Amino acid sequence: MPFLPIAGFQGSDLPEALGWKTVADPYGDEELYAVPRLQPDWAVIHVPEADAEGNARIYGTPFWDRLMTRGARRVIVTAETIVTREHLAAQPELTAIPELFVAAVVHAPGGGWPGSCFPLYEVDYAAAGAYAAMPTDAECLDRHLTVTAPRDRGQTSADVTVVYSGSDAG
Amino acid sequence: MIASPEWQPVDLLVICMARLLRDDELVFHGVNSILPMVAVALARRHHAPRLRAINIAGGVNPLPRYLPRSTTDAELTYGSPALLSNEEIYDLCMRGGLDTVFLGAAQVDGAGRTNVSRIGPAERPKVKLPGGGGAAVMMPTAGRVIVSRAEHSRRSFVERLDAVTGAGNVDRVVTSRCVFRRVDGRLRVESVHPTSSAEEVLSETGFALDTSAPWPGTPPPTAAELEALAAVDPERVRDLERR
(Lines give C-alpha, C1' and ligand atoms only; values in the text may rest on other atoms or scores of the structure.)
Protein backbone atom coordinates (compact mmCIF):
# COMPACT_ATOMS: atom_id res chain seq x y z
CA MET A 1 0.00 0.00 0.00
CA PRO A 2 1.56 3.32 -1.03
CA PHE A 3 -0.71 5.35 1.30
CA LEU A 4 -3.60 5.19 3.73
CA PRO A 5 -6.39 7.72 4.16
CA ILE A 6 -6.59 9.25 7.62
CA ALA A 7 -9.12 11.39 9.49
CA GLY A 8 -8.16 14.63 11.17
CA PHE A 9 -5.32 17.07 10.38
CA GLN A 10 -7.74 19.79 9.23
CA GLY A 11 -6.34 23.20 10.16
CA SER A 12 -2.87 21.84 10.88
CA ASP A 13 0.30 23.05 9.17
CA LEU A 14 1.69 19.51 9.18
CA PRO A 15 0.20 18.14 5.92
CA GLU A 16 1.65 21.01 3.90
CA ALA A 17 5.00 20.81 5.70
CA LEU A 18 5.11 17.08 5.00
CA GLY A 19 3.92 17.39 1.41
CA TRP A 20 0.80 15.30 1.95
CA LYS A 21 -1.90 15.18 -0.68
CA THR A 22 -5.60 14.50 -0.26
CA VAL A 23 -7.88 11.85 -1.73
CA ALA A 24 -11.62 12.07 -2.31
CA ASP A 25 -13.84 9.59 -0.48
CA PRO A 26 -15.12 7.47 -3.42
CA TYR A 27 -18.38 6.84 -1.50
CA GLY A 28 -19.04 10.32 -0.16
CA ASP A 29 -18.05 13.96 -0.31
CA GLU A 30 -15.22 14.02 2.18
CA GLU A 31 -11.65 14.93 1.32
CA LEU A 32 -9.12 12.98 3.37
CA TYR A 33 -5.37 13.25 3.78
CA ALA A 34 -3.46 10.35 2.23
CA VAL A 35 -0.54 9.48 4.48
CA PRO A 36 2.39 8.16 2.45
CA ARG A 37 3.96 4.83 3.34
CA LEU A 38 6.73 4.96 5.91
CA GLN A 39 9.11 2.03 5.56
CA PRO A 40 12.23 1.94 7.74
CA ASP A 41 15.02 -0.34 6.53
CA TRP A 42 15.41 -1.82 9.99
CA ALA A 43 13.49 -2.04 13.24
CA VAL A 44 15.36 -3.09 16.38
CA ILE A 45 12.93 -4.25 19.03
CA HIS A 46 13.84 -5.26 22.57
CA VAL A 47 11.55 -7.86 24.16
CA PRO A 48 11.43 -9.89 27.37
CA GLU A 49 11.13 -13.26 25.61
CA ALA A 50 12.00 -14.55 22.15
CA ASP A 51 12.83 -17.94 20.73
CA ALA A 52 15.81 -18.60 18.47
CA GLU A 53 13.72 -17.99 15.36
CA GLY A 54 12.61 -14.54 16.50
CA ASN A 55 9.07 -15.26 17.69
CA ALA A 56 8.68 -12.77 20.51
CA ARG A 57 6.38 -11.82 23.34
CA ILE A 58 6.01 -8.28 24.58
CA TYR A 59 4.54 -8.01 28.05
CA GLY A 60 2.94 -4.85 29.31
CA THR A 61 2.03 -2.04 26.96
CA PRO A 62 1.23 -2.71 23.29
CA PHE A 63 3.21 0.25 22.05
CA TRP A 64 4.63 0.99 18.62
CA ASP A 65 6.97 -2.02 18.70
CA ARG A 66 4.44 -4.29 17.05
CA LEU A 67 3.64 -1.73 14.34
CA MET A 68 7.31 -1.14 13.57
CA THR A 69 7.89 -4.84 12.99
CA ARG A 70 5.18 -4.71 10.32
CA GLY A 71 6.50 -1.51 8.75
CA ALA A 72 10.23 -2.19 8.56
CA ARG A 73 11.89 -4.13 5.77
CA ARG A 74 13.89 -6.19 8.25
CA VAL A 75 13.69 -6.69 12.01
CA ILE A 76 16.29 -7.43 14.68
CA VAL A 77 14.87 -8.78 17.92
CA THR A 78 16.94 -8.37 21.09
CA ALA A 79 15.71 -10.40 24.04
CA GLU A 80 16.16 -10.62 27.78
CA THR A 81 15.62 -14.38 27.65
CA ILE A 82 15.73 -16.94 24.86
CA VAL A 83 12.82 -19.31 25.37
CA THR A 84 11.75 -22.50 23.64
CA ARG A 85 9.42 -22.65 20.69
CA GLU A 86 7.14 -24.86 22.81
CA HIS A 87 6.83 -22.13 25.45
CA LEU A 88 5.52 -19.70 22.81
CA ALA A 89 3.40 -22.28 21.02
CA ALA A 90 1.54 -23.00 24.27
CA GLN A 91 -0.09 -19.56 23.93
CA PRO A 92 0.55 -18.28 20.41
CA GLU A 93 -1.89 -15.39 20.89
CA LEU A 94 0.70 -13.78 23.18
CA THR A 95 3.32 -13.69 20.42
CA ALA A 96 3.53 -10.10 19.21
CA ILE A 97 6.24 -10.64 16.61
CA PRO A 98 6.15 -13.75 14.40
CA GLU A 99 9.36 -15.31 13.07
CA LEU A 100 8.29 -14.46 9.53
CA PHE A 101 9.44 -10.85 9.92
CA VAL A 102 12.64 -11.39 11.89
CA ALA A 103 16.14 -11.28 10.36
CA ALA A 104 18.19 -11.77 13.53
CA VAL A 105 17.82 -12.53 17.23
CA VAL A 106 20.25 -11.24 19.86
CA HIS A 107 20.35 -12.46 23.45
CA ALA A 108 20.81 -9.14 25.26
CA PRO A 109 19.94 -9.21 28.97
CA GLY A 110 19.42 -5.65 30.20
CA GLY A 111 19.24 -4.49 26.59
CA GLY A 112 16.44 -2.05 27.28
CA TRP A 113 18.45 -0.09 29.86
CA PRO A 114 18.31 2.81 30.67
CA GLY A 115 14.77 2.40 29.37
CA SER A 116 12.40 -0.15 30.81
CA CYS A 117 11.52 -3.72 29.93
CA PHE A 118 8.23 -4.61 31.53
CA PRO A 119 7.87 -6.41 33.88
CA LEU A 120 11.58 -6.98 34.52
CA TYR A 121 12.84 -3.48 35.16
CA GLU A 122 11.66 0.11 35.12
CA VAL A 123 13.21 3.20 33.58
CA ASP A 124 16.55 4.10 35.21
CA TYR A 125 15.84 7.82 35.39
CA ALA A 126 19.25 8.71 36.85
CA ALA A 127 21.08 6.92 34.04
CA ALA A 128 18.76 8.31 31.37
CA GLY A 129 19.34 11.82 32.72
CA ALA A 130 23.11 11.32 32.71
CA TYR A 131 22.94 10.03 29.15
CA ALA A 132 20.88 13.01 28.02
CA ALA A 133 23.26 15.43 29.74
CA MET A 134 26.39 13.80 28.32
CA PRO A 135 28.48 16.25 26.25
CA THR A 136 28.14 15.33 22.58
CA ASP A 137 31.76 15.47 21.54
CA ALA A 138 33.75 13.07 19.34
CA GLU A 139 34.32 10.64 22.23
CA CYS A 140 30.76 10.47 23.53
CA LEU A 141 29.93 7.13 21.91
CA ASP A 142 33.13 5.51 23.23
CA ARG A 143 32.36 6.89 26.68
CA HIS A 144 28.85 5.51 26.53
CA LEU A 145 30.08 2.08 25.46
CA THR A 146 32.65 2.04 28.27
CA VAL A 147 29.95 2.81 30.77
CA THR A 148 27.53 0.24 29.43
CA ALA A 149 30.01 -2.58 28.69
CA PRO A 150 29.86 -4.09 32.19
CA ARG A 151 26.07 -4.31 31.89
CA ASP A 152 26.43 -6.10 28.57
CA ARG A 153 28.55 -8.69 30.36
CA GLY A 154 25.62 -9.44 32.59
CA GLN A 155 26.37 -7.24 35.59
CA THR A 156 23.39 -5.62 37.21
CA SER A 157 22.79 -1.96 37.84
CA ALA A 158 24.05 -2.41 41.39
CA ASP A 159 27.49 -3.26 39.98
CA VAL A 160 27.64 -0.37 37.58
CA THR A 161 27.99 3.25 38.52
CA VAL A 162 26.94 5.49 35.70
CA VAL A 163 29.53 8.23 35.37
CA TYR A 164 30.18 9.92 32.07
CA SER A 165 33.63 11.34 32.72
CA GLY A 166 34.16 14.94 31.75
CA SER A 167 30.57 15.71 32.64
CA ASP A 168 29.16 16.86 35.92
CA ALA A 169 25.82 15.32 35.04
CA GLY A 170 26.35 12.34 37.36
CA MET B 1 -4.10 36.08 47.14
CA ILE B 2 -1.36 33.49 47.42
CA ALA B 3 -1.80 29.74 47.68
CA SER B 4 -2.74 28.63 51.15
CA PRO B 5 -0.36 26.25 52.91
CA GLU B 6 -2.79 23.47 52.08
CA TRP B 7 -2.45 23.71 48.32
CA GLN B 8 -0.22 24.85 45.48
CA PRO B 9 -1.20 26.45 42.14
CA VAL B 10 -0.57 23.16 40.34
CA ASP B 11 -3.07 21.47 42.68
CA LEU B 12 -5.85 23.81 41.60
CA LEU B 13 -4.82 23.37 37.95
CA VAL B 14 -5.27 19.60 38.24
CA ILE B 15 -8.51 20.03 40.20
CA CYS B 16 -9.91 22.33 37.47
CA MET B 17 -9.10 19.66 34.87
CA ALA B 18 -10.76 16.96 36.99
CA ARG B 19 -13.89 19.09 37.54
CA LEU B 20 -14.50 19.00 33.78
CA LEU B 21 -14.79 15.19 33.76
CA ARG B 22 -18.09 13.39 34.19
CA ASP B 23 -19.31 9.86 34.89
CA ASP B 24 -19.70 7.63 31.82
CA GLU B 25 -17.79 9.78 29.37
CA LEU B 26 -14.67 8.25 27.76
CA VAL B 27 -11.49 10.20 28.37
CA PHE B 28 -8.03 9.71 26.88
CA HIS B 29 -4.56 11.05 27.60
CA GLY B 30 -1.31 10.48 25.73
CA VAL B 31 2.43 10.72 26.31
CA ASN B 32 4.05 13.36 28.50
CA SER B 33 0.69 13.99 30.20
CA ILE B 34 1.38 14.05 33.92
CA LEU B 35 -1.39 16.56 34.75
CA PRO B 36 -4.08 14.73 32.73
CA MET B 37 -3.07 11.43 34.34
CA VAL B 38 -3.47 12.93 37.81
CA ALA B 39 -6.74 14.67 36.83
CA VAL B 40 -8.28 11.41 35.58
CA ALA B 41 -7.31 9.57 38.77
CA LEU B 42 -8.65 12.46 40.86
CA ALA B 43 -11.98 12.64 39.02
CA ARG B 44 -12.52 8.90 39.34
CA ARG B 45 -11.87 9.07 43.06
CA HIS B 46 -13.64 12.32 43.87
CA HIS B 47 -16.81 12.65 41.78
CA ALA B 48 -16.81 10.43 38.68
CA PRO B 49 -16.23 6.80 39.71
CA ARG B 50 -17.81 5.61 36.44
CA LEU B 51 -15.56 7.80 34.29
CA ARG B 52 -14.24 5.56 31.52
CA ALA B 53 -10.55 6.14 30.95
CA ILE B 54 -8.00 4.93 28.43
CA ASN B 55 -4.39 6.00 28.02
CA ILE B 56 -1.55 5.76 25.53
CA ALA B 57 0.08 2.99 27.56
CA GLY B 58 -2.91 0.87 26.51
CA GLY B 59 -4.77 0.88 29.81
CA VAL B 60 -8.55 0.45 29.78
CA ASN B 61 -10.13 1.63 33.04
CA PRO B 62 -6.90 0.77 34.83
CA LEU B 63 -6.32 0.79 38.57
CA PRO B 64 -2.66 1.84 38.84
CA ARG B 65 -1.14 1.19 42.26
CA TYR B 66 0.80 4.45 42.00
CA LEU B 67 1.10 7.25 39.45
CA PRO B 68 4.31 6.82 37.41
CA ARG B 69 6.63 9.60 36.27
CA SER B 70 6.08 8.70 32.63
CA THR B 71 2.58 8.44 31.20
CA THR B 72 3.71 5.64 28.89
CA ASP B 73 4.59 3.50 31.91
CA ALA B 74 3.06 0.01 31.95
CA GLU B 75 1.79 0.77 35.47
CA LEU B 76 -0.99 2.69 33.70
CA THR B 77 -2.29 -0.65 32.43
CA TYR B 78 -2.33 -2.26 35.89
CA GLY B 79 -5.73 -3.73 36.67
CA SER B 80 -6.96 -3.24 33.09
CA PRO B 81 -9.26 -6.02 31.92
CA ALA B 82 -8.08 -5.34 28.36
CA LEU B 83 -5.46 -3.37 26.47
CA LEU B 84 -5.87 -1.05 23.50
CA SER B 85 -3.00 -0.68 21.05
CA ASN B 86 -2.06 2.76 19.77
CA GLU B 87 -3.54 2.14 16.35
CA GLU B 88 -6.82 1.10 17.96
CA ILE B 89 -6.90 4.28 20.05
CA TYR B 90 -6.39 6.44 16.96
CA ASP B 91 -9.02 4.48 15.04
CA LEU B 92 -11.42 4.96 17.94
CA CYS B 93 -10.85 8.72 17.94
CA MET B 94 -11.14 8.99 14.15
CA ARG B 95 -14.52 7.29 14.20
CA GLY B 96 -15.79 9.66 16.87
CA GLY B 97 -15.49 7.34 19.85
CA LEU B 98 -13.47 9.53 22.22
CA ASP B 99 -15.54 12.00 24.22
CA THR B 100 -12.70 13.92 25.81
CA VAL B 101 -9.01 14.11 24.91
CA PHE B 102 -6.36 15.84 27.01
CA LEU B 103 -3.55 17.51 25.08
CA GLY B 104 -0.62 19.69 25.99
CA ALA B 105 0.87 22.60 24.06
CA ALA B 106 4.01 24.67 23.86
CA GLN B 107 2.03 27.55 22.36
CA VAL B 108 -1.70 28.32 22.27
CA ASP B 109 -3.36 31.05 20.23
CA GLY B 110 -6.62 32.94 20.71
CA ALA B 111 -8.52 30.42 18.59
CA GLY B 112 -7.36 27.59 20.85
CA ARG B 113 -5.03 26.18 18.24
CA THR B 114 -1.80 24.61 19.48
CA ASN B 115 1.85 24.30 18.53
CA VAL B 116 3.94 21.35 19.64
CA SER B 117 6.10 21.31 16.50
CA ARG B 118 8.75 24.02 16.71
CA ILE B 119 9.74 27.43 18.05
CA GLY B 120 11.11 29.76 15.41
CA PRO B 121 10.83 29.77 11.63
CA ALA B 122 10.48 26.51 9.65
CA GLU B 123 13.79 26.99 7.85
CA ARG B 124 15.79 27.62 11.02
CA PRO B 125 13.83 26.55 14.10
CA LYS B 126 15.25 27.65 17.44
CA VAL B 127 13.75 24.60 19.16
CA LYS B 128 12.40 21.46 17.59
CA LEU B 129 9.57 20.24 19.82
CA PRO B 130 8.51 16.58 20.17
CA GLY B 131 5.78 17.00 17.55
CA GLY B 132 2.17 16.07 17.69
CA GLY B 133 0.61 13.40 15.53
CA GLY B 134 -1.88 13.02 18.34
CA ALA B 135 -2.89 16.66 18.33
CA ALA B 136 -3.38 16.89 14.57
CA VAL B 137 -5.52 13.75 14.40
CA MET B 138 -7.38 14.13 17.65
CA MET B 139 -8.17 17.84 17.80
CA PRO B 140 -10.56 17.73 14.83
CA THR B 141 -11.96 14.25 15.59
CA ALA B 142 -12.38 14.06 19.39
CA GLY B 143 -15.68 15.09 20.96
CA ARG B 144 -13.89 17.78 22.91
CA VAL B 145 -10.31 18.60 23.76
CA ILE B 146 -9.00 19.97 27.04
CA VAL B 147 -5.58 21.58 26.70
CA SER B 148 -3.48 22.00 29.80
CA ARG B 149 -0.36 24.04 30.27
CA ALA B 150 0.98 25.11 33.68
CA GLU B 151 3.20 27.90 32.42
CA HIS B 152 1.05 30.86 31.36
CA SER B 153 3.02 33.72 29.83
CA ARG B 154 3.23 35.71 26.60
CA ARG B 155 5.91 33.23 25.53
CA SER B 156 3.31 30.45 25.30
CA PHE B 157 -0.05 32.25 24.93
CA VAL B 158 0.61 34.03 21.68
CA GLU B 159 -1.14 36.08 19.04
CA ARG B 160 0.52 34.02 16.32
CA LEU B 161 1.75 30.42 16.57
CA ASP B 162 5.18 29.59 15.14
CA ALA B 163 3.47 26.53 13.62
CA VAL B 164 -0.08 25.19 13.79
CA THR B 165 0.19 21.58 14.91
CA GLY B 166 -3.41 21.03 15.92
CA ALA B 167 -6.71 22.84 15.41
CA GLY B 168 -10.23 21.75 16.19
CA ASN B 169 -12.54 20.89 19.02
CA VAL B 170 -10.76 22.62 21.88
CA ASP B 171 -13.28 23.25 24.64
CA ARG B 172 -11.12 24.43 27.54
CA VAL B 173 -7.54 25.52 28.10
CA VAL B 174 -6.46 25.22 31.73
CA THR B 175 -3.37 27.04 33.02
CA SER B 176 -1.83 27.94 36.37
CA ARG B 177 -3.53 31.36 36.13
CA CYS B 178 -7.00 30.73 34.70
CA VAL B 179 -9.41 28.54 32.76
CA PHE B 180 -10.18 29.55 29.17
CA ARG B 181 -13.34 28.35 27.44
CA ARG B 182 -13.63 28.38 23.67
CA VAL B 183 -16.82 30.14 22.57
CA ASP B 184 -17.58 30.89 18.91
CA GLY B 185 -14.05 29.93 17.96
CA ARG B 186 -12.31 32.28 20.44
CA LEU B 187 -10.79 31.62 23.85
CA ARG B 188 -12.52 33.56 26.62
CA VAL B 189 -11.52 33.66 30.26
CA GLU B 190 -14.00 31.48 32.14
CA SER B 191 -12.48 31.97 35.57
CA VAL B 192 -9.33 33.36 37.18
CA HIS B 193 -7.60 31.34 39.88
CA PRO B 194 -7.37 32.88 43.36
CA THR B 195 -3.57 32.61 43.09
CA SER B 196 -3.62 34.98 40.10
CA SER B 197 -5.56 38.08 39.04
CA ALA B 198 -7.34 39.53 36.04
CA GLU B 199 -4.46 42.02 35.60
CA GLU B 200 -1.94 39.20 35.57
CA VAL B 201 -3.96 37.13 33.05
CA LEU B 202 -4.23 40.17 30.79
CA SER B 203 -0.54 41.06 30.99
CA GLU B 204 0.65 37.46 30.56
CA THR B 205 -1.61 36.60 27.60
CA GLY B 206 -0.39 37.53 24.14
CA PHE B 207 -3.75 37.36 22.33
CA ALA B 208 -6.71 39.70 22.73
CA LEU B 209 -9.26 38.86 25.44
CA ASP B 210 -12.88 39.88 25.86
CA THR B 211 -13.01 42.16 28.89
CA SER B 212 -16.56 43.42 28.38
CA ALA B 213 -17.73 41.57 31.51
CA PRO B 214 -15.78 40.93 34.72
CA TRP B 215 -14.21 37.48 34.96
CA PRO B 216 -15.39 35.28 37.82
CA GLY B 217 -12.95 33.66 40.22
CA THR B 218 -12.16 29.94 40.11
CA PRO B 219 -13.65 28.25 43.18
CA PRO B 220 -10.70 27.26 45.38
CA PRO B 221 -10.12 23.57 46.08
CA THR B 222 -12.56 22.00 48.50
CA ALA B 223 -11.38 19.92 51.41
CA ALA B 224 -12.77 16.82 49.70
CA GLU B 225 -10.92 17.60 46.48
CA LEU B 226 -7.63 18.11 48.32
CA GLU B 227 -8.14 14.91 50.27
CA ALA B 228 -8.81 12.92 47.08
CA LEU B 229 -5.81 14.54 45.38
CA ALA B 230 -3.53 13.61 48.28
CA ALA B 231 -4.85 10.06 48.10
CA VAL B 232 -4.28 9.55 44.36
CA ASP B 233 -0.97 11.45 44.14
CA PRO B 234 0.72 11.27 47.54
CA GLU B 235 4.18 11.54 45.96
CA ARG B 236 3.18 14.76 44.13
CA VAL B 237 4.09 13.45 40.68
CA ARG B 238 2.17 16.51 39.45
CA ASP B 239 5.08 18.72 40.52
CA LEU B 240 7.08 17.27 37.59
CA GLU B 241 5.06 19.45 35.22
CA ARG B 242 7.27 22.29 34.08
CA ARG B 243 6.11 25.73 35.06
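In what order do the three strands of the open sheet in chain A stand? The order is E1-E3-E2, and the pairing is antiparallel. Here strands are DSSP runs of E with at least two residues, helices are runs of H or I with at least four, and both are numbered from the N terminus. Two strands pair if DSSP finds at least two bridges between them.

A quick word on what you're looking at. This is a predicted model, in which local features need pLDDT of at least 70 and side-chain atom pairs count only at pLDDT 80 or more, while totals for chains, interfaces and linings use all residues. Residues are numbered from 1 along each chain as its sequence is written, and chains are lettered from A and ligands numbered from 1 in the order in which they are written.

**The sheet in chain A**

Back to those three strands, E1-E3-E2 of chain A. E1 (3-6) and E2 (21-24) of chain A sit at the edges with a single partner strand each, so one side of each has no neighbour in the sheet. On average, neighbouring strands of this sheet are turned by 45° against each other, direction ignored (the axes are lines fitted to C-alpha atoms, for helices over the stretch in contact, and angles run from 0 to 180 degrees between N-to-C directions). E2(A) and E3 (residues 31-36) of chain A run antiparallel and are joined by four bridges. Opposite A:Leu32 in E3(A) you'll find A:Val23.

**Chain B and the cores**

Chain B has six helices and 11 strands. Its radius of gyration is 17 Å, close to the 18 Å from the globule rule for 243 residues, so chain B is as compact as a globular protein of that length. That radius is taken over C-alpha atoms, and the rule is 2.2 Å times the number of residues to the power 0.38. Of the 243 residues in chain B, 52% count as buried. Buried means 20 or more other C-beta atoms within 10 Å of a residue's own, exposed means 12 or fewer, and partly exposed is in between, with C-beta atoms placed from the backbone.

The largest nonpolar core has 73 residues, and B:Val14, B:Val38 and B:Leu42 touch the most other members. A core like this is a set of buried Ala, Val, Leu, Ile, Met, Phe, Trp, Tyr and Cys residues joined through C-beta atoms within 7 Å. Helix H2 (residues 34-46) of chain B gives the largest share of this core, nine residues. Apart from it lies another core of 12 residues, including A:Val47 and A:Ile97.

**Where the chains meet**

In all, 25 residues of chain B are in contact with 20 residues of chain A, contact being C-beta atoms, placed from the backbone, within 7 Å. H4(B) brings the largest share of chain B's side, five residues.

Most residues other than glycine have a negative phi, and most peptide bonds are trans. Here are some exceptions.

| Feature | Where | Angle |
|---|---|---|
| cis bond | A:Trp113 and A:Pro114 | omega about 5° |
| cis bond | A:Phe118 and A:Pro119 | omega about 0° |
| positive phi | A:Phe9 | phi near 75° |
| positive phi | B:Asn61 | phi about 45° |

A:Phe9 is in the loop between E1 and helix H1 (14-18) of chain A, and is buried, with 26 other C-beta atoms within 10 Å. B:Asn61 is partly exposed, with 15.

Notes
Contact = placed C-beta atoms within 7 Å.
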